[in-house]
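Have the viewer open and follow along.

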Amino acid sequence: AMRVLYWTDWFLPSIGGVEVFSARLLPALARRGHEITVVAGHHREGLPEETDFMGVTVRRFLFHPVLAAHDVERIGGLLGPSVLFHLETSRSKPSPVLLTMHSPVMEDATRPDTLYGRALRSARWVNCNSQAVRTDLCQLMPELRARSSVIYYGMEPPGLEPRPRPREEPVILGYGRLVPDKGFDLAIRAFQSVLHRFPRARLVLVGEGSERIALERLSRALGLAAAVEFTG
């Protein structure tokens, strides 16, 4: 059995892709006998500093409010899940680090003087949730080819028996925050080739975000406005 300190900025009841996945992964690891402690931040008032989540200990700290307030004295007393606090604590308690990448790689990853670059270089192994993310990472940092891999997020099989998919009028669902990191612009561009084979296909994008207007503009510019639906 392992002792795992799981660092994450947000954890349930905060809702997001990483939060939902973590809530499934960590109890499953605990059931296998591993000792899991989550170190997370407070995202709203009223959350306990320590709680048990299905056999997993969750400890919360005021990382983000303290950083936002530029409170140097309180920063010195925190242990923290953000990259800044992780790097500071690893000096006194070094341990093997597995870092998971689940977003597009930013250019400053190549710089050893950034928090991003320091975190990547300090990791014993880097896991990516897609081949695209790992390809970008290894292009920017070729030395990570030897200590990185791809593990796709696992999901439980659906409880309903799937029905045959409509071939002539398929509907493709995109669900998430409409922000640059999610790559919905790529989905819209790729949908052009789908329409060439299935002229009655539809792309339904569910969500809100800063890129919605730009994505709607892109769909019109590509002549896809009638086939792409933004539901909010």
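In this predicted model, strand E1 runs parallel to strand E2 (residues 35-41), and five bridges join the two. Along this pairing, Tyr6 stands opposite Val38 in E2. The sheet that holds these strands is open and has four strands, ordered E1-E2-E4-E3, with mixed pairing. E1 and E3 are its edge strands, each pairing on one side only. From one strand to the next, the twist averages 25°. Helix H1 lies across E1, E2, E3 and strand E4 (56-61), and runs at about 155° to E2.

Now to the rings. A pair of aromatic rings is described by the distance of the centres and the angle of the planes. The count of aromatic pairs here comes to two, listed below.

| Pair | Centre to centre | Angle between planes | Arrangement |
|---|---|---|---|
| Phe11 and Phe53 | 5.4 Å | 90° | edge-to-face |
| Phe21 and Tyr153 | 4.1 Å | 20° | stacked |

Phe11 sits in the loop between strand E1 (3-7) and helix H1 (17-31), while Phe53 belongs to strand E3 (residues 50-53), so their pair ties together parts that are 42 residues apart in sequence. With 1% relative accessibility, Phe11 counts as buried.

Tyr153, with a relative accessible area of 30%, is partly exposed.

Notes
Residues numbered from 1 in each chain as written. Predicted model: local features only at pLDDT ≥ 70, side-chain atom pairs only at ≥ 80, totals over all residues. Heavy atoms only, no water. Phe/Tyr/Trp six-rings, centres within 6.5 Å; stacked < 30°, edge-to-face > 60°. Buried < 20%, exposed > 50% of the residue type's maximum accessible area, 1.4 Å probe, protein only. Pairing = 2+ DSSP bridges. Axes fitted to C-alpha atoms, helices over the stretch in contact; angles between N-to-C directions. Contact = heavy atoms within 4.5 Å.
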